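The sequence and structure come first.

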Amino acid sequence: MIRINLLPESYRKSERTSPKIFAVALLAVICVCSSVGWFGTVYFGDLERVQAKRVQTKERLDGVKKRELLYDSLVQEKKDFSRRADTIKQIAKGRRIWTKFCDELIDVITNDGEMDRHVAWFSNIQVRSPGDGSKGPIIVLPGFVQGNDIRKIANLHDDIEATEFWRDMAQYTPPAGSKKIDGDLYPPESFAFSWQWTMKGTDKWIKNTPGARLGKPSKPGKPSKPAK
Amino acid sequence: MARLNEKQTLLLIAGVTVLLCGAAGGGVYWAQDLIEQENIAVTDQEKQIAAARAKIAKIPAVENEVIVLRENVAEYVKILPQEAELTKFTRAAQRFAMLSGISFDRFVPLRPGGKGSFERISYQYSFDATLWQFLKFMSFFETYERFVRVRDFSLASGATKANVEDAVHKVRLTVETYLYNPKSNGKGTMIPNYEAKLKQLRHEIAAAGSLDLGEPYEFRGREGRRDIFVDPRQSKEGSKITPLNDQRRMIEEFSKLISSLKEKWEHSLSPEITMFERIELQRTVSNGLDEFESKASYVTQNKLIKNPALNARWYKEIQLPYKNLVAKVKKQEIDRNRFLPKEGMEALIKSMREKLLDGELEAAVTVYTQTANKIDVPKGHPLYPLRLKVEGLMVRAKVALEFSAIPLKVTGVLVRGDSKSGVILNGEVYEEGEYINETLFVKAVREDEVEFVYKGFSLVKTW
């Protein structure tokens, strides 16, 4: 059945929203408003507060960063100057007074004119210092001991080993010699030898080890293979 | 458009509501995530701030360390040459060569090395020299005011035959030094109130000390030692050589002689002997030394001690003790002749006193002037008290001379027993105790004299 309302528009009873729809719509509005409100509270309240806090913290951080950079720069400079100080100390440590070494060597060889223990001389001397201080200088000393008695070579070694510079020696050539005869000279016999000494690294020199300076005995060097 | 029925409307409302609520929920979830990230960022920044503050708290200590290090390095590098000094260094090397009596065959710079702030500069010198010249030259470098290290050296014996004197050897010497570049790592950090902090840290800076270059060492010279790069054996051909035993015996005889002279000299200084014994002993020593010198010169000039090893003994046992004894004897003679003896000093004092009492002021000054260079005995010398007496008299004489030059015309005196007496001096009246000028004062007025005080000395004018 079709119901037709024939009354003119103005006389008709107005249409009303169904209460069910109204209730649902109201509930929906409340839900949507609550949701949007919640979002608004979180987005515009909590988030902005945290963002403002971050900005504030950033400003504080920027403030301390300048001083922190000063600290970093000072630490870097400290490292740099420490390195410079160490370098120059290392350079100074590596200096050996070779005049003193030669004076001592001449004293031992000359032996105050005493001829009974030994009379020795050298044909040359070479001293080479390696680049870094880890290895000590190398000294090459080919020479001769007058006479026919190899005990004099031993005496010479004993006297050399009593010198101050010997305490810095790491390796040395053990006593050795080959006989030479020169009929034009007196005495004609002599024993030729070739010494090669290697000193300890600069850090182990007596002058660079305060304990040893006070008189503690240092470890003696080791004899190396005889020179060919 | 067709109208929605109730069911459709309800469904539409529910759908839209769910959609909108879902969108809002998603937005909340997204915003919470943002908040979480912001919180993480804030926490991270807080940590950074805390770390930065911890560093900032250390700044004063690090600043102090940097100041101490800067100053120490500045002190250490003072021993290194500046760049502009390399030419000075070259001139110094030439001076060392001249003083050692050598001339260079070659001197070349080697490849620079080193790293960072220190650049290594090396020079290699090649030259001919005796052993003693070479060692002297090397010693100059090792005692140079700037840091120089002898790195390598070699010496090849130049002795063409055995037992030659002053053989010339081939020498090659490499020395190195370092240049300091303070700006190699940029400009230093600005430290506020640097000078004030520097003052506060002066003890810490001083405690670091200077660079330890070891004990300074001066080359001892030849000292009678032989050249160890010369074969000391004697040649059989040609020269007439004193046998070794005779050379030894000669040294022993000379040694006994010089020991005997030394003993006599020491005995002559003993306080237990009389002055006459002392004079006699010292005369014996002096004559003995003359005789010794002529004998020793004969040995030296004729090279009777030929063996180089025995030459060292000759130097040590004979020449050195002889030189020492001669030096002692000469010093004693110089001292004896330098000052007036006690008797002379006493006679001088007596003479000056007499002249002062007689008013011969200029004569007293003349006597002093003639002997002034013989009375300046040092403090602690037994004659020092007498020197003070002589000088005291000299001061008096000079003051008296100055006083006598002051125009003081006395035209009358008024001597009163009950009150202060007066004097008419240069037309003006002065009472006792009155100053004439800043240095002259009327001390007492008597009938026939007036006593003045001038520059602390009492002087009397009579008429």
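Four bridges join β6(B) to β7(B), which covers residues 422-425. The two strands run antiparallel. In this pairing Leu414(B) has Gly422(B) as its bridge partner in β7(B). This is a predicted model.

The sheet is open and has three strands, in the order β6-β7-β8 of chain B, with antiparallel pairing. Its edges are β6(B), residues 410-414, and β8(B), residues 428-431. Each edge strand pairs on one side only. Neighbouring strands are turned by 20° against each other on average, direction ignored.

## The β9-β10-β11 sheet of chain B

Chain B also has an open sheet of three strands in the order β9-β10-β11, again with antiparallel pairing. Here β9(B) and β11(B) stand at the edges, each with a single partner strand, so one side of each lacks a neighbour in the sheet. The twist from one strand to the next averages 30°.

Six bridges join β10(B) to β11(B), and these strands run antiparallel. Tyr454(B) has Phe457(B) as its bridge partner in β11(B). The two strands form a hairpin with two residues between them. In the turn, Lys455(B) has a positive phi of about 50°. As a general point, side chains in a regular strand alternate between the two faces of the sheet.

## Helix α11 of chain B

What lies across this sheet? Helix α11(B) lies across β9, β10 and β11 of chain B, at about 45° to β11(B). The helix covers residues 384-405, 22 residues in total. From its first C-alpha to its last it reaches 32 Å, close to the 32 Å expected at 1.5 Å a residue.

The buried residues of α11(B) are Leu386(B), Arg387(B), Val390(B), Leu393(B), Met394(B), Ala397(B), Val399(B), Ala400(B) and Phe403(B). An α-helix has 3.6 residues a turn, so residues three or four places apart point the same way. The cover over the buried residues of α11(B) includes helices α9 (342-357) and α10 (361-371) of chain B. It also includes the strands β9 (440-445), β10 (449-454) and β11 (457-462) of chain B.

## Helix α3 of chain B

Helix α3(B) covers residues 131-142 and has 12 residues. Its span from first to last C-alpha is 16 Å, close to the 16 Å expected at 1.5 Å a residue.

How many of its residues are buried? Nine of the 12 are, so α3(B) is largely enclosed by the rest of the structure.

## Arg70 of chain B

Arg70(B) is found in helix α1(B), residues 6-76. Is this arginine buried or exposed? Its relative accessible area is 16%, under the 20% cut-off, so Arg70(B) counts as buried.

Residues up to four places away in sequence are set aside for its contacts. Arg70(B) then touches Glu77(A) and Phe81(A) in chain A. In chain B, Arg70(B) touches Gly188(B), Thr189(B), Ile191(B) and Tyr194(B).

## Cysteines

For Cys21(B), the closest cysteine sulfur is in Cys31(A), at 5.0 Å. That is too far for a bond. Cys102(A) is buried, with a relative accessible area of 7%.

## Chain A overall

Chain A has four helices and eight strands. Along the sequence they follow the pattern α-α-β-β-β-α-β-β-β-β-α-β.

Of the 228 residues of chain A, 41% count as buried. The chain exposes about 13,500 Å², and carbon and sulfur atoms supply 56% of that area. Contacts between residues at least 6 apart in sequence can be split by separation. In chain A, 68% of them join residues at least 24 apart.

Notes:
Residues numbered from 1 in each chain as written. Chains lettered and ligands numbered in written order. Predicted model: local features only at pLDDT ≥ 70, side-chain atom pairs only at ≥ 80, totals over all residues. Heavy atoms only, no water. Expected span 1.5 Å × (residues − 1). Buried < 20%, exposed > 50% of the residue type's maximum accessible area, 1.4 Å probe, protein only. Contact = heavy atoms within 4.5 Å. Areas by Shrake-Rupley, 256 points an atom, 1.4 Å probe, with all protein chains shown as cover. Pairing = 2+ DSSP bridges. Axes fitted to C-alpha atoms, helices over the stretch in contact; angles between N-to-C directions. Disulfide = S-S within 2.5 Å.
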